[in-house]
Amino acid sequence: MTLRLSRAAAALATALVAAGGAHAADGKLLLTGGVSSIDGAAGGGLTPWAVTGSYATAQELGATAFLTGVKTGDYRLQVFGAAVSWNDRLELSLARQDLDTQDNLAPLGLAGLHLKQDILGVKLRVAGDAVLEADTWMPQVAVGLEHKIAHAGALGPTLFGPLGARRSGTDYYVSATKLFLAPGILVNGTLRLTRANQNGLLGFGGAHGRGTQLKPEISVAKLLARNLAVGAEFRAKPDNLNRSALGDGALKENAWFDVFVAWAPSKQVSFTAAYVDLGRIAPAVQPRRQTGAYLSAQLAF
């Protein structure tokens, strides 16, 4: 299943590039479709918004493909994926994540481990229109899910077994996005029902965890120019592995934060750069908060 999802994401991204705009749409304003999140859904870098990706509007088909890199003090994360949207209402996305832990999990006997994850996302706009209803208090509202499959190769049983974590799980969320067009401000709130550990890269749930939890995510963006925006995000996360076979606090999980700049030189290309704080990820050789840089490029059709 993991290999099939990975090949599907790569094939979809290739097909979109080859299509080169056969179904291109440009009805939306710049940046109002958001960028590609690390899970593949349209939104901010860390959290989905109620918008659908690309610039497709009513009765149009749009698509995006993206590549993202995150480098913190001890870890490197690479993500690629693609999404298609129809009628500015339905979005389907695929993403592959690869976390290079380098030698930071040597205390667990897992030096050089790559934690990988495939994500299939579905999002449906159920109410509102962020642009057309910008002069009202009605936000755009969407519901979605992200089905995730984590794997660590031959070391999977060694990692997930002692933690009491499952290798797959599904997040469910509802997002509300409000665009204040005159001042150029966008606000998004998301509630996510999840049991994912480190977004799923360390599995789902735990022997001593509290199971599925409802966690908030918040994004605020300010348009500085028609093609340039700055903003910040917050994403709360479960802490299922704080008590585990590795000892209390060994895998404590923190909320995520970022401060970002998004630039769209055209409706076909956008770039996002950010400073990220991912808190503690795992008992690194020198445990510390994982802060660093985020860079993402997106193509839209």
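User: How much space lies in the largest cavity?

Analyst: In this predicted model, the largest cavity holds about 190 Å³ of space.

User: What makes it a cavity and not a pocket?

Analyst: A cavity is a set of points where a 1.4 Å probe fits but cannot get out, whereas a pocket is an open set. The space of about 190 Å³ is listed as a cavity, so the probe fits there but cannot get out.

User: How many cavities of 30 Å³ or more does the structure hold?

Analyst: The structure holds five of them.

User: Which residues lie closest to the centre of the largest cavity?

Analyst: L77, L99, W256, L278 and I281 are the closest, out of 19 lining residues. Strand 3, strand 4 and strand 5 (90–100) each give at least two residues to this lining.

User: What makes a residue part of that lining?

Analyst: A lining residue has an atom within 4 Å of a point of the cavity. L77 is one of the 19 residues that line the largest cavity, so L77 has an atom within that distance.

User: How do the lining residues of the largest cavity divide by class?

Analyst: There are 14 nonpolar, four polar and one charged.

User: Why is D74 called buried?

Analyst: Buried means under 20% relative accessible area. D74 has a relative accessible area of 9%, so D74 is buried.

User: Where is D74 found?

Analyst: D74 is in the loop between strand 3 (61–72) and strand 4 (76–86).

User: How do you know that the side chains of D74 and Q290 make a polar contact?

Analyst: The pair of N or O atoms must lie within 3.5 Å. The contact between the side chains of D74 and Q290 is at 2.7 Å, so the distance meets the cut-off.

User: How much space lies in the largest pocket, and what lines it?

Analyst: About 360 Å³ of space lies in the largest pocket. Its lining has 24 residues, with L30, L31, T32, L223 and A229 nearest the centre. Strand 10 gives the largest share of the lining, three residues. By class, the lining of the largest pocket has 15 nonpolar, five polar and four charged residues.

User: Which residues are closest to the centre of the second largest pocket?

Analyst: The second largest pocket holds about 230 Å³ of space. Of its 16 lining residues, K28, T57, D88, D129 and V131 are the closest to the centre.

How values were computed: Residues numbered from 1 in each chain as written. Predicted model: local features only at pLDDT ≥ 70, side-chain atom pairs only at ≥ 80, totals over all residues. Heavy atoms only, no water. 1 Å grid on protein atoms, 1.4 Å probe; cavity = no way out; pocket = protein on both sides within 12 Å on 5 of 7 lines; lining within 4 Å. Points joined across faces, edges and corners; volume = space filled by probe spheres on them. Helix = DSSP H or I, 4+ residues; strand = E, 2+ residues; numbered from the N terminus. Nonpolar A, V, L, I, M, F, W, Y, C, P; charged D, E, K, R; others polar. Buried < 20%, exposed > 50% of the residue type's maximum accessible area, 1.4 Å probe, protein only. Polar contact = N/O pair within 3.5 Å; in protein donor to acceptor, adjacent residues only side chain to side chain.
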